[in-house]
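Q: Got this one open and want to go through it with you. Can we start with the surface charge and work inward?

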Amino acid sequence: MTDNIEEFDIENHEREVKKRLRQRRVRGKQVHLKHLHTFARFLLSSLLIIGSYYFLKLPAWYISQDAFSHSDSEVLRLINNDIVPDEKIYTLLSSYQVDGLPIIAQKTDDLRKLLLELPPVEDVYIRRYAFPARIDFIFRERIPVMTISPDVEVPPVAYFAQDGKLVGKEYAPYVEKFHTLLVLSYGNRGNDYHKWEKAQVDELVRFAKYVETCSKEQVEYIDYRNPEDAYVKIPSIKIRLGKIDSSTFERVRKLSSILPEIRMMDENIKYLDLRWKDPYLKLE
């Protein structure tokens, strides 16, 4: 009986030893696998960081240091600048210093402020690209509605935009493609167009459109060099208005009935006088 018990204890002990050995081997393999996984994660993380570093260092992410110092249309593209010439924009951009960051990390606020210094520019949207790095400047320019000149034979010396802003002689020659009202003015103390408010500009434009509606002809110019004695010119005749006010609209309304008769006349007409209640013709 005692021998049987001893044999049984020995068998149990051997099984327990074998079981613990198996558990130890399993734990050893688990620890080894854990170390392998940790090393693999470290290796992949390191490769990812190094790869990202070199990827971000690729030249295609960066604007070259001299990109703004000369007109490179492949790197800096100008869009919708119908009034401001490309040369003026590139000249302005040449003062901008590239910060050395990848194109996607570069801030454009300073660039936008710089371009908004151009009087014809109302707003500008800056779009950035990579591979290769480049920038699009998409402009929204103020729409010209009125040009100013001291004489019909003299090129415009300034223009008013739709928002009432006066833009000077530097950009006036570039608004020819726009349909604008030509207003003759000397810009002197008694009629200084530099002091005109948006309301006055709007009123002159509205008046010109009313003349076109009544005459069925396009206004060539308004002679406003003497605001107390203004003229308006249409292809068929020159019209003397006096001071342009609310009553002038009533007098201009008569054009629809007067002009057909004037067109049939053979006399050399200097102007049609609409200063008074009854219109009359001034002959040469």
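Q: Where does Lys 18 sit?
A: Lys 18 is part of helix H1, residues 2-56. Helices here are DSSP runs of H or I with at least four residues, strands are runs of E with at least two, and both are numbered from the N terminus. One caution: this is a predicted model, where local features need pLDDT of at least 70, side-chain atom pairs count only at pLDDT 80 or more, and totals for chains, interfaces and linings use all residues. Residues are numbered from 1 along each chain as its sequence is written, and side-chain values use heavy atoms, with hydrogens and water left out.

Q: Is Lys 18 buried or exposed?
A: Exposed, as Lys 18 has a relative accessible area of 51%. Exposed means over 50%, buried under 20%, and partly exposed in between, with a 1.4 Å probe and protein chains only.

Q: Which residues form the positive patch?
A: Lys 18, Lys 19, Arg 22, Arg 25 and Lys 29 form the positive surface patch. Patch residues have over 30% relative accessible area and no salt bridge; like charges are joined within 9 Å, and nonpolar side chains (Val, Leu, Ile, Met, Phe, Trp, Tyr) within 5 Å. Lys and Arg count as positive, Asp and Glu as negative, while His and the chain ends are not counted. A charge is placed at NZ of Lys, CZ of Arg, CG of Asp or CD of Glu.

Q: And what makes the nonpolar surface patch?
A: Phe 39, Phe 42 and Leu 43, covering about 340 Å². Areas come from the Shrake-Rupley method with a 1.4 Å probe, and for residues only the protein chains shown count as cover. Phe 42 belongs to helix H1 and is exposed, at 56% relative accessible area.

Q: Switching to salt bridges: how many are in the whole structure?
A: A search finds 16. The test is a side-chain nitrogen of Lys or Arg within 4 Å of a carboxyl oxygen of Asp or Glu.

Q: What does Arg 263 form a salt bridge with?
A: Glu 217, with the closest N and O atoms 2.6 Å apart. This pair links distant parts of the chain, 46 residues apart: Arg 263 is in helix H6 (residues 255-263), and Glu 217 is in the loop between helix H4 (198-215) and strand S8 (221-223). Arg 263 is partly exposed at 45%, whereas Glu 217 is buried at 14%.

Q: How about Glu 220, what's its partner?
A: Lys 233, at 3.4 Å between the closest N and O atoms. Glu 220 lies in the loop between H4 and S8 and Lys 233 in strand S9 (residues 230-234), so the pair ties together parts 13 residues apart in sequence. Glu 220 is partly exposed at 38%, and Lys 233 counts as buried at 17%.

Q: Are Arg 240 and Asp 229 buried or exposed?
A: Both are buried. Arg 240 and Asp 229 form a salt bridge, closest N and O atoms 2.7 Å apart.

Q: Last topic, Pro 102. What does it touch?
A: Trp 61 and Tyr 62, leaving aside residues up to four places away in sequence; contact means heavy atoms within 4.5 Å. Pro 102 and Trp 61 are 41 residues apart in sequence but 5.1 Å apart in space, C-alpha to C-alpha. Pro 102 counts as buried, at 15% relative accessibility.
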